[in-house]
Amino acid sequence: KNFFLFFYLITQLIKKLISNTIATILVKFIYIKKNKSLSKLNCFYSHETNIIPFKKINLDRQYALATTKNKKKSCYLIQFDHNLNIIFKLLNRKNALSKLTLHYFILNKYVSLRDILKVYFFTTYLLIKLLYLLRKKNYFVIKNKDCSLILKPLLIESFAGRIQDSLLHAIAIKNFFKRENYKNFITYGEFYSGWRSVYHFIKTNKFSPKIICINHGIYSENNLSYVLIKDEFDKNDNGLFYSPKPDIFLTQGIKYFKRLKKIFPYKKVYPVGSFKYELADYKFNKIIVKKKLNKIKNNQNKKKIIAICTAINDETNIINFLNKCSLENCLIILCPHPYFIKTSNSIFKKNFNYKFEIIKNFSTREIASAVDCVVTGWSAVGLECLIKDLNVLKVVDDSTIPLQEVDDGIPTITNYVEFNKYLQKKAHFSKPFLKKVKENFFYKFDNKTSMRFWKILNNI
């Protein structure tokens with residue numbers, strides 16, 4: 001059994017090593033671009049999946065309009081996924097990059113073949129050492145409970161590519177700042193998987209930028225990336241409890257701001273709001289949307305209209321819950337996460353018991369404004385609908401572990417029998433309550449996040 005496990009891991013490592021090597025070579029030869037001499041002040045990390053068209057330009061949606069200011073003093077550092085899109089989407093990528101508001105660098109070009117071989121050799125050695133140690137002792141007993149069946153495979157499987165990707169990502173960023181001496185490095189990596197290694201490697205350079213971290217999602221203690229313990233960190237980066245961390249935090253809401261101030265009383269933490277909502281279009285005719293949806297409803301002889309707004313990977317929770325409900329009289333409109341439309345559509349087609357529509361002519365906000373009820377799982381759209389006093393409902397199936405706050409203010413049900421009650425009658429909330437929800441998760445809903453961001457950046 002151990003032999004086959006080791007053989008499987010080595011096979012996966014070899015595949016990953018080959019794919020990383022080929023991708024690195026292709027990026028270096030295909031994306032040849034002379035870098036301009038810049039006033040090196042602000043470097044914005046960007047992942048290619050977050051680059052979107054906005055009016056006549058392209059920008060990273062996580063920073064929204066912030067990167068349309070101070071353009072001569074800023075740049076993007078863009079990470080590509082290691083896959084065949086490097087070749088097949090070459091023209092599309094180059095076209096998208098040409099419309100960016102800032103000068104850009106390709107992060108993948110800052111990894112050498114030597115870096116790749118060194119990382120894979122070192123981690124393979126550590127894997128062998130780990131397997132030997134795990135044979136000697138069970139390290140997974142937590143509060144007198146043996147958790148090895150769950151945790152041990154996850155630890156071992158992490159050596160089949162994820163750890164290597166994390167290290168190479170961090171080394172690439174370190175190498176970039178060895179060559180390009182920027183004052184500030186702005187990122188939305190937060191404490192997600194792989195980013196602590198980035199913070200560590202940046203600080204090993206002789207000259208390193210200030211790391212400014214933007215909180216780009218809804219804070220929830222149910223999300224492992226937000227489960228931070230004060231004892232895990234030390235003010236002194238050479239201390240016993242050293243764990244890599246950013247220098248400055250910018251939070252989306254007050255709730256996360258208060259949490260970070262308790263953990264990092266010695267760090268600068270500022271609430272700024274949500275950047276992404278600066279790109280939202282709220283100028284639409286609700287009457288026209290309502291008329292269109294009602295026409296579809298009447299043609300299908302339905303009585304109510306439901307919009308299902310999904311987040312990333314929460315389709316199963318919503319499907320399992322709604323499959324137990326009686327929705328025969330409902331027009332159901334699926335509003336997937338904008339970057340996972342095909343995936344969500346496929347999952348619903350295979351597993352959902354009811355017919356549903358995807359309406360391409362209207363945005364999620366337009367649809368949500370005109371339906372009888374908005375159903376969500378972990379989507380931030382739910383909080384936006386709540387703040388705008390729409391009829392919104394969060395469903396949590398009994399087979400699901402919640403990844404967001406259950407008590408964030410959105411009416412939440414775990415019993416499918418109660419669904420029709422909420423469908424018939426909207427819950428009412430006081431203005432002070434809705435204001436508190438807005439402050440907790442969005443700080444201010446005023447489209448001035450970028451202005452606050454630059455004011456803070458110019459004063460640090």
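Student: Are Y219 and Y226 buried or exposed?
Tutor: Y219 is buried and Y226 is buried too, where buried means under 20% relative accessible area, exposed over 50% and partly exposed in between, with a 1.4 Å probe and protein chains only. This is a predicted model, in which local features need pLDDT of at least 70, side-chain atom pairs count only at pLDDT 80 or more, and totals for chains, interfaces and linings use all residues. Residues are numbered from 1 along each chain as its sequence is written, and side-chain values use heavy atoms, with hydrogens and water left out.

Student: What makes Y219 and Y226 an aromatic pair that is edge-to-face?
Tutor: The structure holds 33 aromatic pairs. In the one formed by Y219 and Y226, the rings are 5.4 Å apart centre to centre, with 75 degrees between the planes. Rings of Phe, Tyr and Trp (its six-membered ring) pair if their centres lie within 6.5 Å, and planes under 30 degrees apart count as stacked, over 60 as edge-to-face and the rest as tilted, so the Y219 and Y226 pair is edge-to-face.

Student: Why does L65 count as partly exposed?
Tutor: L65 counts as partly exposed because its relative accessibility is 26%. L65 is found in the loop between β3 (57-60) and β4 (74-79), the strands (E, at least two residues) being DSSP runs numbered from the N terminus.

Student: Why is C309 called buried?
Tutor: C309 is called buried because its relative accessible area is 1%, whereas C147, at 23%, is partly exposed.

Conventions
Helix = DSSP H or I, 4+ residues; strand = E, 2+ residues; numbered from the N terminus.
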